[in-house]
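Thanks for asking me to look this one over. Please have the model open while you read my notes.

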Amino acid sequence: MTRQVYISGKLVPEAEAKISIFDSAIMLADTMTESTRTFRHKPFKLEQHIERLYQSLKLTRIDPQMSAAQMLRTTLDVFEANLDNYREHADCWIVHNISRGIAIAGADPTVQVGAPTVMIFTQLMDLKPWARFYTDGCHGVTPMSRMVPSQSLDPRIKNRSRLPYTLAEMEAKLVDPAAQSIILDLDGHVAENKGGNIFCVSKGVLKTPTTVNCLAGISRATALELAKKLGIPTEETVLLPYDLATADEVFFTSTPYCIMPSTKFNTLPVGDGKVGPITRRLLAAWSELVGMDIVAQAQAQVN
Ligand SMILES: Cc1ncc(COP(=O)(O)O)c(C=O)c1O
């Protein structure tokens, strides 16, 4: 079945979804975004994603011209219209991109001159890039580029201006093609990955940076909730590269893979160089929460 996507009030076959070359998404990369995933064809924390989307829209003064409740209903309609495209054991992304709409070159960029461009689509969840990291762990590398400081752009505003993250990820991959970036802020504190949050475990305590320098990830919140349920002490704090290098365990969190263990940091082994027990317990608890084996699903895609 042809994928049906939503664009500004209409559900259309994907080939018919067009935006203007003058859209602020292109002229200014002025687009707020969310990426939600499904587990067993059920959207996970979609309400929280939409709540975060509306916070980003508020801060950037983009009027989506629909309420959060209407956005939720519309999103579910898009998802339901495409469900037949996803096999029983396959899950999908549900992606929102919302721009300020047509931008008039040279005019005041803060003025929304017309309707916003609201785009919603689903896409097969391809977990192959992360599958082997559940057992082997990935290599976290600190790139040369630093986070855009939160004084300039609050990292909690989830937007599509991705150049800083793209450059940072490239620099990490020049060190090791399989590396995942661990971006530092201007003070040298651990911030986040281009698409994920960072955690470490030291002496039984699960630690992650505060949201002063990173996105308030929904997976980050889930990992903290699960840790609390499992009685694992947690701390939102300042972390330096030293803390990751000397930690017992390191992992990333993000919507597609949930938890991605990291067994190497800037070429040094993390702990004993194997995926740690707290990381495995959290992954198991997450699988239990969503009623399916997250790791097995990813590994089945490569086997
Ligand atoms: C920069 C950045 N940090 C962290 C995350 C993780 O957020 P979430 O867990 O909500 O997917 C993302 C997700 O896209 C991101 O883009």
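The points below go through the ligand site and then the domains.

1. A word on the basis: this is a predicted model, where local features need pLDDT of at least 70, side-chain atom pairs count only at pLDDT 80 or more, and totals for chains, interfaces and linings use all residues. Residues are numbered from 1 along each chain as its sequence is written, and side-chain values use heavy atoms, leaving out hydrogens and water.

2. Which residues come nearest to the ligand? Lys158, Glu192, Ile218, Ser219 and Thr255 do, out of 16 around it (near means a heavy atom within 4 Å).

3. Look at the polar contacts (pairs of N or O atoms within 3.5 Å). Lys158 places a polar side-chain atom 2.7 Å from a ligand oxygen atom, and Glu192 has one 2.7 Å from a ligand nitrogen atom. Ile218 uses a backbone N or O atom, 2.8 Å from an oxygen atom of the ligand.

4. On its own, the ligand has 390 Å² of accessible area, and the protein covers 94% of that (Shrake-Rupley method, 1.4 Å probe).

5. The shell around the ligand holds 3 nonpolar, 8 polar and 5 charged residues; Asp, Glu, Lys and Arg count as charged, and Gly is among the polar ones.

6. The chain is assigned domain 1 (4-125) and domain 2 (130-302), with bounds from an automatic or database assignment. Their centres, taken over C-alpha atoms, are 26 Å apart. Domain 1 gives 25 residues to the contact and domain 2 gives 23 (contact means heavy atoms within 4.5 Å).

Methods. Polar contact = N/O pair within 3.5 Å; in protein donor to acceptor, adjacent residues only side chain to side chain.
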